[in-house]
Amino acid sequence: VSARAPIQTIPSQGEPDVTSLGQRYGAVRRATEALAAPLSAEDCLVQSMPDASPVKWHLAHSSWFFESFVLARVDGYREYHPSYGYLWNSYYESLGARHGRAQRGVLSRPSLEEVRGYRAHVDAAVADALAGRVLDAPALAALELGLNHEQQHQELILTDLKHAFAQNALAPVYRARPAGAAAGMAGAASSPEAAPLRWSRRAEGLASIGHDGRGFSFDNEGPRHRVFLGAFELASRPVTNAEYAAFIEDRGYARPELWLSDGWDAVRAGRWEAPLYWRREADRYETFTLAGTEPVAGAEPVTHVSYFEADAYARWAGARLPTEAEWEVFAADARLGGHFVESGRLHPAPAPRHGAEVVQLFGDVWEWTASPYVAYPGFCPFEGAAGEYNGKFMSGQMVLRGGSCVSPASHLRASYRNFFRPDTRWQFSGIRLARDV
Ligand SMILES: [Fe+2]
């Protein structure tokens, strides 16, 4: 019998603050719609690979989540459409059969406008439920989970759309880069050179990692527990494009001794010669961004690399990837700096030349760790169908930390664990090095 924890996000004492929850609900839902606003109905339907979903699907699925986990708990609530549970369920076996993941791009019906109508219906029903104070503690906790879920889908809207646009020879521009879009990192965008890489040391000893239970967290972030760490050093910033280009120039992609066996298979099967979206143009590399095609900027953090590439690069560089515990002990003391979706860059920026000893732990690029995505000791999945949210994926994936230039800033924290298969490259995933002392 496995213990199951309620989605514990609401303080157990006193009246929950439904006004602030309602305001945050509105803000998160509007932020999603703002991401889709510049897109046509055709843009919103395209699916470029099974891992990526159409924007329209994200808009509908995130609404279905509130319907299934929050509104279904309201007495007398009737589902919006009898087929929407089938169409928009992602992977919840306990909630029934569903439309195939790889076939989401064929759903020309319902139309984008009908999906917007579905969103408006769910928004009105949630507002009514909050105003009428009919949501019990588990429903309020599920509402909080739904907001964090929708923020994850905001990031996926941009990464999935980028992958789709990258297949198009027109190299569509999603949004032009705002001038001086380096909010929070003065002068970084115009800096032609990266800050020099430094190493920051930690002595061996016990450390505590995992969420401490204050505020929202996903179930996979807990429980907080102690780990022993040997002495190690962490790089002051992520690996840059210029540094990664040196690995390519040194025939990094042609030397099997640098690669894990599965990684070498992936290099050969995918004919990888550079990060995803890079293209050799005469004597330089270009890359596709959400602002169109651009020359690769040497000082920017390398991104769209797989775990296999991160691992091979680290070996070539005489270092290794940090474990997630090593990453977290540094992040716990770091401020939430870096570029998030709010900066409007939608592309990683160079590390600041001045500032903290270790920078850019948050934002810009997710950082692959050497840690497999497995349960912490004493892990307790969420109760009910929400127990399928994270725990069942704890096999065959690696942990990434810190967030990216398309993550909402309010979504991230030091204990946050993202996870992807080691061969995936379409997320804004980068590399930070560590080494033994
Ligand atoms: Fe989802």
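## Surroundings of Pro275

Leaving aside residues up to four places away in sequence, Pro275 touches Tyr244, Ile248, Tyr253, Val302, Thr303, His304, Val305, Glu309 and Arg425. The model in which these contacts are found is a predicted one, and in it Pro275 sits in the loop between α8 and β5, the strand that covers 278-281. Because its relative accessible area is 2%, which falls under the 20% limit, Pro275 counts as buried.

A further reference point for this residue is Glu286, which is 11 residues from Pro275 in sequence, while the two C-alpha atoms are 11 Å apart in space.

## Overall fold and dimensions

The secondary structure of the protein consists of 10 helices and 12 strands. Its radius of gyration is 22 Å, close to the 22 Å that the globule rule gives for 437 residues, so the protein is as compact as a globular protein of that length. Taken along the principal axes, the box filled by the C-alpha atoms is roughly 65 × 55 × 40 Å.

When contacts with a sequence separation of 6 or more are considered, 81% of those in the protein are between residues 24 or more positions apart. As for burial, 56% of the 437 residues count as buried.

## Surface and charge

The protein exposes about 18600 Å², and carbon and sulfur atoms supply 52% of that area. Its side chains include 44 that are positive and 51 that are negative, and the centres of these two sets lie 2 Å apart.

## Cis peptide bonds

One joins Arg109 and Pro110, with omega at about -5°, and Pro110 is placed in the loop that runs between α4 (84-88) and α5 (112-131).

Another cis peptide bond joins Gly222 and Pro223, where omega is likewise about -5°. Here the proline, Pro223, belongs to the loop between the strands β2 (205-209) and β3 (225-229).

Arg251 counts as exposed because its relative accessibility of 51% is over the 50% limit.

Leu346 also has a positive phi without being a glycine, in this case of about 55°, and its place is in the loop between α10 (324-331) and β8 (366-372). Is Leu346 buried or exposed? With a relative accessibility of 2%, Leu346 counts as buried, since that value is under 20%.

## Cysteines

How many disulfides does the model contain? When a disulfide is taken as a pair of cysteine sulfur atoms within 2.5 Å, the count comes to zero.

Notes: Residues are numbered from 1 along each chain as its sequence is written. This is a predicted model: local features need pLDDT of at least 70, side-chain atom pairs count only at pLDDT 80 or more; totals for chains, interfaces and linings use all residues. Side-chain values use heavy atoms; hydrogens and water are left out. Helices (H or I, at least four residues) and strands (E, at least two) are DSSP runs, numbered from the N terminus. Buried means under 20% relative accessible area, exposed over 50%, partly exposed in between (1.4 Å probe, protein chains only). The radius of gyration is taken over C-alpha atoms; the globule rule is 2.2 Å times the number of residues to the power 0.38. Contact means heavy atoms within 4.5 Å. Accessible areas come from the Shrake-Rupley method with a 1.4 Å probe; for residues, only the protein chains shown count as cover. Lys and Arg count as positive and Asp and Glu as negative; His and the chain ends are not counted. The place of a charge is taken as NZ of Lys, CZ of Arg, CG of Asp or CD of Glu.
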